[in-house]
2 protein chains.
Amino acid sequence: MTTYSPAQAAEVSGFSIDTLRYYEREGILRPIARTSSGHRTYTDDDLGWLDLVHCLRDTGMPIADLKRYAELSLDEATLAARVALLEDHDRRVQESIDALRGQQEKLREKIAWYRSQGV
Amino acid sequence: MTTYSPAQAAEVSGFSIDTLRYYEREGILRPIARTSSGHRTYTDDDLGWLDLVHCLRDTGMPIADLKRYAELSLDEATLAARVALLEDHDRRVQESIDALRGQQEKLREKIAWYRSQGV
DNA sequence: GAAAACCCTGGAGCGCGCTCCAGGTCAAGG
DNA sequence: CCTTGACCTGGAGCGCGCTCCAGGGTTTTC
């Protein structure tokens with residue numbers, strides 16, 4: 001099984017090393033395995049989780065929610081609940097896309113109005 | 001011409017009174033007219049501008065950019081430049097909508113994968 | 001075997017965008 | 001009048017999500 005140094009994990013995940021440590025402190029990542037000297041070694045599993053984390057962060061999920069989600073993940077029996085949470089989040093993402101489009105529409109009307117005034 | 005007390009301006013614009021004062025301090029609003037005793041009186045023009053500000057904020061324009069835009073507005077001759085800035089912003093909004101949709105797609109794939117695992 | 005590069009910890013600091021507070025002035029109703 | 005509530009100013013404080021730093025160990029490279 002491949003493992004990754006902190007620098008490699010940062011490279012692959014797209015998070016900075018500091019952010020990876022921060023997420024671990026916050027409980028968003030479960031404790032990362034260490035070498036005998038204390039250096040972290042990330043696994044493919046960790047990177048897979050980080051990929052989901054990236055997706056959730058990029059779609060606006062707050063750190064606190066991510067943390068709760070991660071805590072749920074500690075218990076295998078909560079799988080259905082977690083999927084439900086992801087679906088809730090998907091709905092919120094849809095709402096924010098819709099809101100953004102609505103505002104974009106307004107913005108375009110403003111621009112069109114300026115244009116009609118002979119800009 | 002209708003004028004508005006701070007509370008009314010807040011009500012209509014959707015910003016809090018504190019935020020209105022903050023925007024004025026920051027130069028995002030030009031100095032609001034005052035009564036002889038120093039109380040602000042917002043005009044329809046002010047509210048029109050605030051409507052655009054709301055639209056720009058909701059679509060993610062940072063305060064600093066809004067401020068630059070507002071400074072440009074002080075000079076009538078910059079109208080074309082301002083419209084160009086709005087169009088730039090519109091493009092950025094489109095990009096963030098696209099990005100959001102891309103991530104939403106990824107999210108939905110993750111959900112589908114969990115579902116396929118028998119959740 | 002020494003320099004350079006990497007990693008560790010705990011905690012401070014920061015940028016953003018407000019939000020709140022103290023201490024005071026002003027205006028409208030009873 | 002006097003109370004009540006809205007408003008004023010300057011400045012402090014806050015929540016979020018990192019980001020950076022000091023002071024120290026480790027691993028790799030030449």
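## The surface near DNA strand C

In this predicted model, DNA strand C is surrounded by 18 residues, the closest being A:Ser5, A:Ala7, A:Arg40, B:Ser37 and B:Ile63. A residue is near a strand if its C-beta atom, placed from the backbone, lies within 6 Å of it. Two or more residues each come from α1 (6-13) and α2 (17-26) of chain A and from α2 (17-26) and α4 (63-73) of chain B. Helices are DSSP runs (H or I, at least four residues), numbered from the N terminus.

The element α2(B) contributes the most, with three residues. By class, this surface has seven nonpolar, seven polar and four charged residues. Here Ala, Val, Leu, Ile, Met, Phe, Trp, Tyr, Cys and Pro count as nonpolar, Asp, Glu, Lys and Arg as charged, and the others, including Gly, as polar.

## The surface near DNA strand D

Around DNA strand D there are 19 residues, of which A:Ser37, A:Ile63, B:Ser5, B:Ala7 and B:Arg40 come nearest. The largest share, three residues, belongs to α2(A). By class, the surface near DNA strand D has seven nonpolar, eight polar and four charged residues.

## How the two chains are related

## Conventions

Residues are numbered from 1 along each chain as its sequence is written, and chains are lettered from A and ligands numbered from 1 in the order in which they are written. In this predicted model, local features need pLDDT of at least 70 and side-chain atom pairs count only at pLDDT 80 or more, while totals for chains, interfaces and linings use all residues.
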